[in-house]
Amino acid sequence: MAIRNSNKVSQRAVIKQLMKRCTRIVRKESFDESEEGLPMDVPKGHFAVYVGENRTRYIVPISYLSNPQFQSLLQQAEEEFGFDHGSGLSIPCDEEVFEYLVSMIN
């Protein structure tokens, strides 16, 4: 039982860290920004990701960060691109795969 509780704590810490990183990346994006420096087309509680070779931009809810499949995509993104490459949060998968995953989460 202690192992499961420890695993939940570590998952929460990872999600919290990913949310902070996503927030920093969104603030660095270079399109129309509000006074706070955030893009105006990203609603509160959402963040932008770039998917596929064409870097198609998707706006996704922060709640996706708690989904295990989405976390897997973020881990792949960290391994391939890192989180401090300055060009937004890129997800290394095909757009069709990403759209399928999003449809399964909804």
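Mentor: Start with one term: a residue is called buried when its relative accessible area is under 20%, and exposed when that area is over 50%. The model above is predicted. In its protein chain, buried residues make up 32% of the 106 residues.

Trainee: How many of the six residues of β1 are buried?

Mentor: Five of them are buried, so the rest of the structure largely encloses β1.

Trainee: Which pattern does the protein chain follow along the sequence?

Mentor: The pattern is α-β-β-α-β-α. That gives three helices and three strands.

Trainee: How many bridges join β1 to β2, and how many join β1 to β3?

Mentor: Between β1 and β2 there are six bridges, and these two strands run antiparallel. As one point to look for, Ala48 stands opposite Ile59 in β2. β1 and β2 make a hairpin, with four residues between them. Gly52 sits in that turn and has a positive phi of about 80 degrees. With strand β3, residues 90–91, β1 has two bridges, and here the strands run parallel. Tyr50 has Ser90 of β3 as its bridge partner.

Trainee: Which residues touch the most other members of the largest nonpolar core?

Mentor: The general idea comes before the case. In soluble globular proteins, nonpolar side chains tend to be buried together. Here the largest nonpolar core has 16 residues, and Val49, Val60, Phe70, Ile91 and Phe98 touch the most other members. Two or more residues of this core come from each of β1 (46–51), β2, α2 and α3 (95–105).

Trainee: With which residues is Phe98 in contact, leaving aside its neighbours within four places in sequence?

Mentor: Phe98 is in contact with Val49, Val51, Tyr58, Val60, Phe70, Leu73, Ile91 and Cys93. For the whole protein chain, take contacts between residues at least 6 apart in sequence: 45% of them join residues at least 24 apart.

Trainee: Is Thr56 buried, partly exposed or exposed?

Mentor: Thr56 belongs to strand β2. Its relative accessible area is 26%, so Thr56 counts as partly exposed. Not counting residues up to four places away in sequence, Thr56 touches Val49, Tyr50, Val51 and Glu95. The side chains of Thr56 and Glu95 are joined by a polar contact of 2.8 Å. For a separation through space, take Thr56 and Ile91: they are 35 residues apart in sequence and 9.9 Å apart from C-alpha to C-alpha.

Trainee: Where is Asn67, and is Asn67 buried or exposed?

Mentor: Asn67 is in the loop between β2 and α2 (68–81). Asn67 is buried because its relative accessible area is 16%, and the cut-off is 20%. A polar atom of the Asn67 side chain lies 2.8 Å from the backbone nitrogen of Gln69.

Trainee: Which elements have the lowest and the highest mean pLDDT?

Mentor: Helix α1, residues 2–28, has the lowest mean at 58, while strand β2, residues 56–61, has the highest at 94. The average over the protein chain is 75, and 58% of the residues score at least 70. Over residues 26–35, pLDDT stays under 50, and the model has 24 contacts beyond four places in sequence for that stretch. Where pLDDT is low, the predicted coordinates should not be read in detail.

Trainee: What is the accessible surface of the protein chain?

Mentor: It comes to about 7200 Å², and carbon and sulfur atoms account for 50% of it.

Technical notes. Residues numbered from 1 in each chain as written. Heavy atoms only, no water. pLDDT = per-residue confidence, 0-100. Contact = heavy atoms within 4.5 Å. Buried < 20%, exposed > 50% of the residue type's maximum accessible area, 1.4 Å probe, protein only. Polar contact = N/O pair within 3.5 Å; in protein donor to acceptor, adjacent residues only side chain to side chain. Core = buried A, V, L, I, M, F, W, Y, C linked by side-chain atoms within 4.5 Å. Pairing = 2+ DSSP bridges. Areas by Shrake-Rupley, 256 points an atom, 1.4 Å probe, with all protein chains shown as cover.
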